[in-house]
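Hello,

Please find the structure below. My notes on it follow.

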Amino acid sequence: MDVGQVGFHDEKHRRYTKVTRKSNEIINRLEKTRQERQPDLKAEREAYDSSVRGKRRAEERAARAAEKTAKEEEKKQQELRTYKALMKSDNMVSNSEMRSKYSSAEEAEDDFM
């Protein structure tokens, strides 16, 4: 059997129809619309593969960017939960500095707010 040839499992199921008269009008219309292409399958496949690779790379980049932002957000949340920002030496004031700045505790309390 040749490549592309149609075969039947059971020859009894085949139907034959006899064409009594050939209609050139129909054949001519079909011939006008016939398009025979010889596609470059290798080039088409390479173009398709490159587009698929591009999409996959874009998805991976987006996933990495999302992961990076999630890590940054987690790091910010972790910093908010700790007291490192409050315990800086610039923010701390000793009792002797408070005594030199204010004469009484009432003044310090009034200036507090």
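A salt bridge here is a side-chain nitrogen of Lys or Arg within 4 Å of a carboxyl oxygen of Asp or Glu. By that definition, E31, R34 and E36 are linked in a network of salt bridges. Please keep in mind that this is a predicted model.

**Overall build**

The protein chain holds four helices and zero strands. Read from the N terminus, its elements run α-α-α-α. The radius of gyration is 42 Å, while the globule rule gives 13 Å for 113 residues, so the protein chain is more spread out than a compact globule. The C-alpha trace spans about 125 × 35 × 30 Å along its principal axes.

How much of the protein chain is made up of buried residues? Buried residues account for 2% of the 113 residues. The accessible surface of the protein chain is about 12200 Å². Carbon and sulfur atoms contribute 50% of that surface.

**Charge and salt bridges**

On the charge count, the protein chain carries 27 positive and 24 negative side chains. The centres of these two sets are 15 Å apart. Side chains of opposite charge can pair when their charged atoms come close. How many salt bridges does a search of the whole structure find? The search finds six. Beyond the network of E31, R34 and E36, here are the pairs I looked at.

- R14 and E11: a salt bridge joins them, with 2.2 Å between the closest N and O atoms. R14 has 34% relative accessibility, so R14 counts as partly exposed. E11 has 45%, so E11 is partly exposed too.
- E25 and R29: the closest N and O atoms of this salt bridge are 4.0 Å apart. Both residues belong to helix α1 (residues 24–33) and sit four residues apart, so about one helical turn separates them. E25 and R29 are both exposed.
- R45 and D49: this salt bridge has its closest N and O atoms 3.3 Å apart. Both residues lie in helix α2, again four residues apart, or about one turn of the helix. Is R45 buried or exposed? R45 reaches 52% relative accessibility, and the cut-off for exposed is over 50%, so R45 counts as exposed. D49 has 28% relative accessibility, which means that D49 counts as partly exposed.

**Surface patches**

Positive: which residues gather in the patch of positive charge? They are R53, R56, R57, R61 and R64. One of them, R57, is found in helix α2. That helix covers residues 41–81.

Negative: E106, E107, E109, D110 and D111 form a surface patch of negative charge. E107 is part of helix α4 (residues 105–112). With 38% relative accessibility, E107 counts as partly exposed.

Nonpolar: Y83, L86, M87 and M92 make a nonpolar surface patch of about 490 Å². Where is L86 placed? L86 sits in the loop between α2 and α3 (95–101). L86 is at 56% relative accessibility, so L86 counts as exposed.

**In short**

The protein chain is helical, with four helices and zero strands. The protein chain is also more spread out than a compact globule. Its surface carries a positive patch that includes R57, a negative patch that includes E107 and a nonpolar patch that includes L86.

Best wishes

Definitions and conventions. Residues numbered from 1 in each chain as written. Predicted model: local features only at pLDDT ≥ 70, side-chain atom pairs only at ≥ 80, totals over all residues. Heavy atoms only, no water. Patch = residues over 30% accessible without salt bridge, like charges linked within 9 Å, V, L, I, M, F, W, Y side chains within 5 Å. Areas by Shrake-Rupley, 256 points an atom, 1.4 Å probe, with all protein chains shown as cover. Lys, Arg positive; Asp, Glu negative; His and termini not counted. Charge placed at Lys NZ, Arg CZ, Asp CG, Glu CD. Helix = DSSP H or I, 4+ residues; strand = E, 2+ residues; numbered from the N terminus. Buried < 20%, exposed > 50% of the residue type's maximum accessible area, 1.4 Å probe, protein only. Rg over C-alpha atoms; globule rule 2.2 N^0.38 Å.
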